[in-house]
Amino acid sequence: MCATSQPPARCLQISSPGGWEEFVEDVCGAGPAVMKGGHPGLDRLNEIGAKYGMEYQG
């Protein structure tokens, strides 16, 4: 069973300074290679994020 809401959930993200959208484009461009077991793999996310001065921690 999948939990859903009506209307669908919405989210507004404001990132400052700009550039996060370029990170998202690179992550999407990496495709399934970023995923591990159905979740984003931190090693690959951090590899992409290093270009933008970003680091994710688990």
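I began with Cys 28, which counts as exposed at 58% relative accessibility, where exposed means over 50% relative accessible area, buried under 20% and partly exposed in between, with a 1.4 Å probe and protein chains only. I noted that this is a predicted model, in which local features need pLDDT of at least 70 and side-chain atom pairs count only at pLDDT 80 or more, while totals for chains, interfaces and linings use all residues. Residues are numbered from 1 along each chain as its sequence is written, and side-chain values use heavy atoms, leaving out hydrogens and water.

I looked up confidence next: pLDDT, the predictor's confidence in each residue from 0 to 100, averages 83 over the chain, and 93% of the residues score at least 70.

I then searched for disulfides, meaning pairs of cysteine sulfur atoms within 2.5 Å, and found zero. The sulfur of Cys 28 has its closest cysteine sulfur in Cys 11, 15 Å away, so the two are too far apart for a bond. Cys 11 is also exposed, with a relative accessible area of 74%.

I checked the peptide bond from Ser 16 to Pro 17 and recorded it as cis, with omega near 0°; Pro 17 lies in the segment before helix 1 (20-30).

The buried residues of helix 2 are Leu 45, Ile 48 and Gly 49. They cover an arc of only 100° around the axis, so they sit on the same side of helix 2, the arc being that of the directions from the helix axis to the C-beta atoms.

Methods
Helix = DSSP H or I, 4+ residues; strand = E, 2+ residues; numbered from the N terminus.
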